[in-house]
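Hello,

Here is the structure I promised to pass on. Please have a look at it before you read my notes below.

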Amino acid sequence: MRMSERSSWQPTAPLRATGNLFGFALDVFRALPRRPFQWREFLQQAWFLASVTIVPTALVAIPFGAVIALQVGGLIKQFGAQSFAGAAMVLAVVREAAPIATALLIAGAGGSAICADLGSRKIREELDAMRVLGIDPLHRLVVPRVLGAMFVAFFLNGLVSVVGVIGGYIFNVILQGGTPGAYLASFTALAQLPDLWAGEIKALVFGLIAGIVASYKGMNAGGGPKGVGDAVNQSVVITFMLLFFANFVMQAIYFQVVPPKGA
Amino acid sequence: MGVEIRVEGLTKSFGGQVIWRDVTLTLPSGEINVMLGPSGTGKSVFLKCLVGLLKPDRGHIYIESHDLATCGERELYEVRKLFGVLFQDGALFGSMNLYDNVAFPLREHTRRSESEIRSIVMEKIELVGLLGAERKLPGEISGGMRKRAGLARALVLDPQIMLFDEPDSGLDPVRTAYLNQLIVDLNQQTGATFLIVTHDINTARTVPDNIGLLYHRHLAMFGPREMCLCSEEPVVRQFLNAQRIGPIGMAEEKDADELAAEAASGAALPPLPPIPLQLEPSNGLPRYTQRPAGQWCLAHGVKPPPGSFQPNVSTAPGAAFAAERGRA
């Protein structure tokens, strides 16, 4: 039905889609404080998201740390500043690599699962049935999922930071022949605590965006099983674009607000 | 007791394409109504407008003191507590077993204890004949069972208005007959207002008090069953008697040339078949809103087709026509 709704493409279509997504986000915020909060659904979803993301995240984080160690290690050797290898690693992993890896996983693994789940509920008319039974699916299903995605993203970011730094250490010290003491001692030379907070805040925002986009796409899926597949695909692509853009904006703001160490 | 639904000037379109316009009708309190129409005429859209899942472009839907077409989201959720809706495939929650599905509205909307919930749920499950299957997941049972479980869930909050979206699609004739009997019995017990959206002629001829027909983007007719079954209106007649001759074509309505060719070939609609008796509740007591057979025809001076209101009238479409031919 939705297919035939738009028989001809209109130039305002992208604007309308953006507006709808934004309107959906506002609806979610409005449903956020409504009682009773769905604890059960929240815990189930958080557990589910954690179970589909933890292992891939850890596995992604190790090569991520290693590749940064490789890049930074080589570069730093040319400058003759090997003693700062650890500092550069921590900075790169905590500030950039961890939020990016989190974003990839929360959108790719978590968001796609949320979108597929809500999409199949939509085409089976479960969402309509819920509305008719007097229950708002936004409050009952979407809010717990969005909060679950944020909650899990927060911890995933911490996980990637730790695993990435450990991976970098192993690579730098064992494979590149760096000194363990210098690596550890320079940890706090460049990085500072606000870097970690900034990374965690980013992760929360990424979880929020991924949860909202996935829910929006899922709840507006149409046209049978193929529609659900399309929705999942679009949701992952849109989330990626938004996350990388949001990452850039937040990092730019961060540099304005928090001065680099020693500056 | 049931609730009256008053629909005035309702119009709905999708992206410039009108589904139907200016639909005006009143579903009288406590009566059984059937909405018919060829495939793709927006019967399900009409149903979804009635529960506020879709917003009509124009018009009003009055239920008690609310206007569903204009009211806000919060009011809408309030009004929906009056409704029980049976969706086409039951629309059960796939992650819950049948028991939890039926218990869901009670757990969400009432503060009843689990033992109270259990007795209500088991009563409804027994009513639809699903005793013993309550621990199964919706994916593990047949379409007919899903439909009946959906019905149990729709009934659990004692709705004032029951809407059925094609209750007979995908069911065998025997199960359809049982389901129709169940619908009539439920109407007798609850006194709720019923609306059945279907294109099953047997159901339309025997179950309802009123029949409506959506066709060619408008409401062609809405009125008492006997009025529609006696109607000489070509569309109503063609549809209610499942004929090929008439204005409804395979794709959509026939154009003037086709109709002229049809008239030239001498094809005419067969005489109206007799009107069957209305399906009665299984305990033999009349429903609150039930009217005596032939009352409308008598009151309006319309002569029903010969053989009407006889207990042995076949309900299968076309059968009466065949009998007529045999006699001729």
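This is a predicted model: local features need pLDDT of at least 70, side-chain atom pairs count only at pLDDT 80 or more; totals for chains, interfaces and linings use all residues.

Residues are numbered from 1 along each chain as its sequence is written, with chains lettered from A and ligands numbered from 1 in the order in which they are written.

First, confidence. Over residues 1-6 of chain A, pLDDT stays under 50.

Next, the helix pair (helices being DSSP runs of H or I, at least four residues, numbered from the N terminus). Helix α3 (residues 39-79) of chain A packs with α6(A) at an angle of about 30°, their axes 6 Å apart; axes are lines fitted to C-alpha atoms over the stretch in contact, and angles run from 0 to 180 degrees between N-to-C directions. That makes α3(A) roughly parallel to α6(A), a label for angles under 35 degrees.

Finally, Arg140(A) lies in helix α6 (residues 137-175) of chain A. Arg140(A) is partly exposed because 17 other C-beta atoms lie within 10 Å; 20 or more would count as buried and 12 or fewer as exposed, with C-beta atoms placed from the backbone. Arg140(A) and Ala66(A) are 74 residues apart in sequence and 42 Å apart in space, C-alpha to C-alpha.

Enjoy exploring!

Definitions and conventions
Helices (H or I, at least four residues) and strands (E, at least two) are DSSP runs, numbered from the N terminus. pLDDT is the predictor's confidence in each residue, from 0 to 100. Two residues are in contact if their C-beta atoms, placed from the backbone, lie within 7 Å. Angles under 35 degrees count as roughly parallel, over 145 as roughly antiparallel, 65 to 115 as roughly perpendicular and the rest as oblique.
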